[in-house]
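I opened this notebook to record what I looked up in the model and how each term was applied. The entries go element by element.

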Amino acid sequence: MRRLLPLLLLLLMPVLPASAEPPPDASRFFPYTLNTTRLPNGLTVVRVPFNSPGIVAYVTAVRVGSRNEVEPGRTGFAHFFEHMMFKGTKANPEGQREHILGGYGFDDNAFTTDDITVYQVYGPTAGLEKLIALEADRFQNLEYSEPSFQTEALAVLGEYHKNAAGPDLKLEEALAKTAFTRHTYQHTTLGFYEDIQAMPKAYEYSRSFFERWYTPANTTLFIVGDFNDAQVVSLVTKAYGGWQRQPTNVTIPVEPEQTRGRSVHVDWPQPTQPRHVLAWHTPAARADTADAAIQAILAEYLVGDTSPAYKELVLEKQYVESINVWTTPHRDPYLFPIDATLQDEKHRAAVDAVLRREVTAVTGAPVDAARLKAIQDHLRYGLLMDLETPRDVAIDLALYAGVMGRPDALASYLKQLGSVTPQQITLFARKYLKDANLTVLTLTPKAVAAGGTP
């Protein structure tokens with residue numbers, strides 16, 4: 001449902017000493033060396049040598065997402081500001097940076113999640129010195145006019161309309177608004193629609209948003225690939241050393257414990273497949289606990305390809321077209337949502353019964369140790385096999401570090417994936433997968449609501 005990562009209660013990166021290394025125990029579980037330096041202004045710079053002759057990935061992770069949007073009427077600004085970061089500076093007006101990077105052959109993109117904004121550039125090491133200068137310039141000296149701001153605000157509104165043409169955004173909005181009553185996870189990364197409509201009038205606020213969150217202590221660079229480490233550290237120190245904006249602290253509302261089940265229904269006005277979602281509140285992803293790893297494993301155990309639920313609902317009875325659990329790690333307690341796309345509305349009750357049966361089973365009967373081990377190996381192997389390029393490595397490091405607050409968070413997560421026990425799975429399910437902690441989301445398309453077949 002939510003975009004990436006689509007990921008702790010601390011607002012700022014922890015203080016790391018210069019040239020800090022990951023804890024030895026965690027680093028054994030990650031196949032690449034992390035060289036980490038924290039500059040005097042708080043900027044964390046992580047370099048990872050990678051056998052990619054002439055190629056480098058340069059990823060900037062800013063710990064700001066929709067989670068940080070605490071002011072009423074100002075939701076969606078983390079995502080909106082991702083757009084504004086391409087508007088240029090006095091030294092490099094809009095379009096010039098992209099022209100220079102294009103001349104070298106760099107790919108350039110960005111994305112925003114609930115917890116983090118990630119800027120990624122990928123291309124030839126020959127252009128790395130210029131790239132460092134360009135990135136340091138825009139993160140310190142972004143400039144844009146009010147007309148340019150208003151034009152981009154309309155583009156973001158158009159992006160919302162485009163996403164709203166399909167059911168997923170409405171599902172996400174309905175689930176978030178129902179499951180969360182206080183925390184800022186109650187709005188999506190795009191933000192509330194009425195706030196997006198009002199964005200063109202928020203030019204002055206946008207400038208304060210940049211000053212508040214785009215600070216060196218709230219930012220980590222991940223440079224992965226083929227480069228001279230000493231030279232890169234020297235270039236980054238020189239280019240970013242003058243960045244002196246101070247970190248901002250805001251209070252994120254704490255979501256109270258859910259004490260009774262909730263439900264929400266969406267009538268979708270167009271033909272589509274019916275949806276059935278069971279979502280429980282679960283803990284935040286942290287580098288010092290196994291909660292994120294447990295949720296990833298539990299998702300596979302309950303509805304993965306080898307699970308009884310998948311075999312029965314997808315393969316044998318064919319009641320369900322697809323079934324997933326979206327377990328993207330989050331900084332604060334989030335949700336464990338089982339999302340089933342139904343073949344037909346008439347199967348809803350049967351699907352619900354099977355899913356609840358499997359949840360009950362994992363809270364009562366012993367967890368199959370052999371299945372658990374196979375799932376752990378599959379998840380760890382799959383994650384490691386996905387680290388094929390410098391860009392893959394840099395983005396995954398950024399995502400886990402952005403959520404968990406440590407550059408070596410991915411290594412810690414890989415370690416935890418292999419150390420979860422059957423008892424931990426059972427205890428976690430008993431504590432969190434209970435009816436009082438559950439929100440049920442259903443979606444019925446128009447044709448079904450009218451008595452027909454979608």
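I took the expected span of a helix as 1.5 Å times one less than its number of residues. Helices (H or I, at least four residues) and strands (E, at least two) are DSSP runs, numbered from the N terminus.

Before going on, I noted that this is a predicted model, where local features need pLDDT of at least 70 and side-chain atom pairs count only at pLDDT 80 or more, while totals for chains, interfaces and linings use all residues. Residues are numbered from 1 along each chain as its sequence is written, and side-chain values use heavy atoms, with hydrogens and water left out.

**Entry: helix 4**

I checked the length of helix 4 (residues 128-141): at 1.5 Å a residue its 14 residues should span 20 Å, and the end C-alpha atoms are 20 Å apart, which agrees.

I then looked at burial, where buried means under 20% relative accessible area, exposed over 50%, and partly exposed in between (1.4 Å probe, protein chains only). Helix 4 is mostly covered, with 10 of its 14 residues buried.

Two strands pair if DSSP finds at least two bridges between them. I found an open sheet of six strands in the order 1-2-6-3-5-4, with mixed pairing. Strand 1 and strand 4 are the edge strands, each pairing on one side only. From one strand to the next the twist averages 15°.

Inside this sheet I followed strand 3 and strand 5, which pair in the antiparallel sense over eight bridges. Valine 62 stands opposite threonine 117 in strand 5.

Next I listed the helices on the sheet. For angles, axes are lines fitted to C-alpha atoms, for helices over the stretch in contact, and values run from 0 to 180 degrees between N-to-C directions. Helix 4 packs on the sheet by touching strand 3, strand 4 and strand 5, and its direction makes about 15° with that of strand 3. Helix 14 (residues 390-404) also packs on the sheet, touching strands 2, 3, 4, 5 and 6 (219-225 for strand 6), and its direction makes about 155° with that of strand 6.

**Entry: leucine 39**

I looked up leucine 39 in the loop between strand 1 (35-38) and strand 2 (44-49). Is leucine 39 buried or exposed? Leucine 39 is buried, at a relative accessible area of 6%. Leaving aside neighbours within four places in sequence, leucine 39 is in contact with Val45, Val236, Thr237 and Tyr240. The C-alpha atoms of leucine 39 and tyrosine 240 are separated by 8.8 Å, although the two are 201 residues apart along the chain.

**Entry: helix 2 against helix 8**

Helix 2 (residues 77-84) and helix 8 (residues 203-213) pack at about 90°, with axes 11 Å apart. I class angles under 35 degrees as roughly parallel, over 145 as roughly antiparallel, 65 to 115 as roughly perpendicular and the rest as oblique. Helix 2 and helix 8 are therefore roughly perpendicular to each other. Phe77, Ala78 and Phe81 in helix 2 meet Tyr205, Ser206, Phe209 and Phe210 in helix 8.

I found another open sheet, of five strands in the order 7-11-8-10-9, with mixed pairing. Strand 7 (262-268) and strand 9 (320-325) stand at the edges with a single partner strand each, so one side of each is left without a neighbour in the sheet.

Strand 8 (residues 275-282) pairs with strand 11 (residues 438-445) in the antiparallel sense over six bridges. Leucine 278 faces valine 440, and histidine 276 stands opposite threonine 442. Strand 8 also pairs with strand 10 in the antiparallel sense, over eight bridges; there tryptophan 280 stands opposite phenylalanine 336.

Eight of the eight residues of strand 8 are buried. Both faces are covered, with Arg275, Val277, Ala279 and His281 on one side and His276, Leu278, Trp280 and Thr282 on the other. Helix 10 (residues 291-303) lies across strand 8, strand 9 and strand 10 (334-342), running at about 25° to strand 10.

How values were computed. Contact = heavy atoms within 4.5 Å.
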